[in-house]
Amino acid sequence: MHKILANTIFLGKDLVNLTECHSTNSFAASMIKSGQFTEGTVIVAEVQTKGRGQRNNSWHAAPGLNLTFSIIFKSNYLHVDQQFDLNMAMAFGVLEVLQNIHPKIQIKWPNDFLDVNGNKLGGMLIENTISGNLFDTSIVGIGINVNQMEFPVENAISLAGITGKTFDLEWLLEQLLVSIEKQYLLLKNGSHQSIKDSYMDHLFRMGVWASYDDGEPFIGKILGVGPYGHLSIMKQNGKIQSYDFKQIKFI
């Protein structure tokens, strides 16, 4: 493990640098299983051979050009009913840094980051272990397209592609850890509503009529997000429906 100079209380004080791994979340899970970890440990990989995203999607990142990392949290102060609060805190922590670079970046439910044209800049995958009615540990995996200019998938973009600038990955990681830790400590201190308000204020398509597909195409308007992370959408006929992560597609 190595030390980094991030101006944080505990995030990144233990840093694991990997040249290559299947996924940083999987590596973090193995550390938790062995008991060999401290809260705030950050695992960074130059290459992920089996990087994962939501819906079991793979995550493509060119070696040395982007940030792919995971953070281990001891989240045993959170009740299972508050599971999406951690997601919102982490997403807004990342967004604050991205918006300092380009102000029009938004969060796409549940935890992707998009530019103004709807191109994907990054995303998160959070995996929790539960003990009774409380969380035990949480692994927050984050991938940000930073300096990569060409992608094997459509609708992907990087910070370099948006701004025309290149970024120092170590500097960007430090900025992200500072912001993420700030939001995490707010959550730990009980600021659930303010975190939710920040998340909703920057949610892609919030309050806007747009196209979706839940098995059938429809026009709807996002009203908000429930405590378990379900997306609430009003259809044009006035019906309000809630959706889990795999039940709806943005068109």
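Which residues in H2 meet which residues in H5? The close-ups below take up that question and a few others. This is a predicted model, in which local features need pLDDT of at least 70, side-chain atom pairs count only at pLDDT 80 or more, and totals for chains, interfaces and linings use all residues. Residues are numbered from 1 along each chain as its sequence is written, and side-chain values use heavy atoms, with hydrogens and water left out.

**View A. Helix H2 meets helix H5.** Phe84, Asp85, Asn87, Met88, Ala89, Ala91 and Phe92 of H2 meet His192, Ile195, Lys196, Ser198 and Tyr199 of H5 (contact means heavy atoms within 4.5 Å). Helices (H or I, at least four residues) and strands (E, at least two) are DSSP runs, numbered from the N terminus. The axes of H2 and H5 (residues 192-201) come within 9 Å and cross at roughly 55°; these axes are lines fitted to C-alpha atoms over the stretch in contact, with angles from 0 to 180 degrees between N-to-C directions. The two helices, H2 and H5, are therefore oblique to each other (under 35 degrees counts as roughly parallel, over 145 as roughly antiparallel, 65 to 115 as roughly perpendicular, and the rest as oblique).

**View B. The largest nonpolar core.** Here, a nonpolar core is a set of buried Ala, Val, Leu, Ile, Met, Phe, Trp, Tyr and Cys residues joined through side-chain atoms within 4.5 Å. Buried means under 20% relative accessible area, exposed over 50%, and partly exposed in between (1.4 Å probe, protein chains only). Of the 61 residues in the largest core, Phe69, Met90, Phe113, Ile144, Leu159 and Tyr199 touch the most other members. Helix H2 (residues 83-101) gives the most to this core, with 12 residues. Another core lies apart from it and has 10 residues, among them Cys21, Ala28, Met31 and Ile139.

**View C. The buried face of helix H1.** In H1 (residues 24-34), the buried residues are Thr24, Asn25, Ala28, Met31 and Ile32. Seen down the axis of H1, they fall within an arc of 115°, so they line one face of the helix (the arc is that of the directions from the helix axis to the C-beta atoms). Their cover includes strands S1 (15-21), S2 (42-48), S3 (67-73), S6 (120-131) and S7 (134-144).

View D. A cis peptide bond joins Trp109 and Pro110, with omega about 0°. Asn155, not a glycine, has a positive phi near 60° and is exposed, at 52% relative accessible area. Arg205 also has a positive phi, of about 70°, but counts as buried at 16% relative accessibility.
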